[in-house]
Amino acid sequence: MVKGKKVKESTHLSEIIIHGIQEKKGNEIVRLDLQNVHSSVSDYFVICHAESTTQVRAIAKSVEEEVYKAVKQDPWRKEGLDHAEWILLDYIDVVVHIFKTDKRQFYAIEDLWGDAELKYFQSA
């Protein structure tokens, strides 16, 4: 696959994911562009948070539904569904982090990837 095409697909996937987050009113949605970061594990991280574990789960479900509806793709891996304080959905080129508010502040993932280009999105 040509690198340019892969990037375009991952950008599109990140936009679908952001829409899924917006559908369930995820807070402070940010997309970290990791494409120009040396040794990055994916093209994008999409990060948001919610006030309750119920909302964290609802956001994760919405993201999965929107992605499957648009591109017929399930996450390669899912983590954190049991406690729902930090759910990770790994779509290989795009990794989604859905935090409960206090966990997002504690882990501060955006700070770990200081070289990444950040783009913020409004909640719906």
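**The nonpolar core and its surroundings**

Analyst: The largest nonpolar core holds 23 residues, and those with the most contacts inside it are Ile17, Ile21, Val63, Leu89, Tyr91, Val96 and Ile98. Its elements with two or more residues in the core are α1 (3-23), β2 (44-50), α2, β4 and β5 (94-100). A second, separate core has eleven residues, including Val30, Leu34, Phe99 and Ile109. A nonpolar core here is a set of buried Ala, Val, Leu, Ile, Met, Phe, Trp, Tyr and Cys residues joined through side-chain atoms within 4.5 Å, where buried means under 20% relative accessible area, exposed over 50%, and partly exposed in between (1.4 Å probe, protein chains only). Helices (H or I, at least four residues) and strands (E, at least two) are DSSP runs, numbered from the N terminus.

The model is predicted, so local features need pLDDT of at least 70 and side-chain atom pairs count only at pLDDT 80 or more, whereas totals for chains, interfaces and linings use all residues. Residues are numbered from 1 along each chain as its sequence is written, and side-chain values use heavy atoms, with hydrogens and water left out.

As for strand β4, four of its five residues are buried, so β4 is largely enclosed by the rest of the structure.

The sheet is open and has six strands in the order β3-β4-β5-β2-β1-β6, with mixed pairing. Its edge strands are β3 and β6, each of which pairs on one side only, and the twist averages 15° from one strand to the next. Two strands count as paired if DSSP finds at least two bridges between them. On one side, β4 pairs with β3 in the antiparallel sense over three bridges, with aspartate 90 in β4 as the bridge partner of arginine 77. These two strands form a hairpin with six residues between them, and glycine 80 in the turn has a positive phi of about 90°. β4 also pairs with β5 in the antiparallel sense, over five bridges, and isoleucine 98 in β5 is the bridge partner of isoleucine 87. This second hairpin has three residues between β4 and β5, with isoleucine 92 in the turn at a positive phi of about 65°. Further along the sheet, β1 (residues 27-33) and β2 pair in the antiparallel sense over five bridges, and leucine 32 has phenylalanine 45 in β2 as its bridge partner.

Helix α2 lies across β2, β3, β4 and β5, running at about 160° to β5 (axes are lines fitted to C-alpha atoms, for helices over the stretch in contact, and angles run from 0 to 180 degrees between N-to-C directions).

Turning to charged pairs, glutamate 64 forms a salt bridge with lysine 78, with the closest N and O atoms 3.1 Å apart. This pair links distant parts of the chain, since glutamate 64 is in helix α2 (residues 53-71) and lysine 78 is in strand β3 (residues 77-79), 14 residues apart. The structure holds six salt bridges, each defined as a side-chain nitrogen of Lys or Arg within 4 Å of a carboxyl oxygen of Asp or Glu. Glutamate 64 is buried at 17% relative accessible area, whereas lysine 78 is partly exposed at 40%. In another salt bridge, between glutamate 110 and arginine 104, the closest N and O atoms are 2.4 Å apart; glutamate 110 is buried at 17% relative accessibility, and arginine 104 is buried at 7%.

The structure also holds five aromatic pairs. The ring centres of phenylalanine 45 and tryptophan 113 are 5.5 Å apart and the planes are at 80°, so this pair is edge-to-face. Phenylalanine 45 lies in strand β2 and tryptophan 113 in the loop between α4 (109-112) and β6 (117-121), so the pair ties together parts that are 68 residues apart in sequence. Rings of Phe, Tyr and Trp (its six-membered ring) pair if their centres lie within 6.5 Å, and planes under 30 degrees apart count as stacked, over 60 as edge-to-face and the rest as tilted. Phenylalanine 45 is buried at 6% relative accessibility. Elsewhere, Trp86, Phe99, Phe106 and Tyr107 form one aromatic cluster; of these, tryptophan 86 is partly exposed at 29% relative accessible area, and tyrosine 107 is partly exposed at 37%.

Note on methods
Contact means heavy atoms within 4.5 Å.
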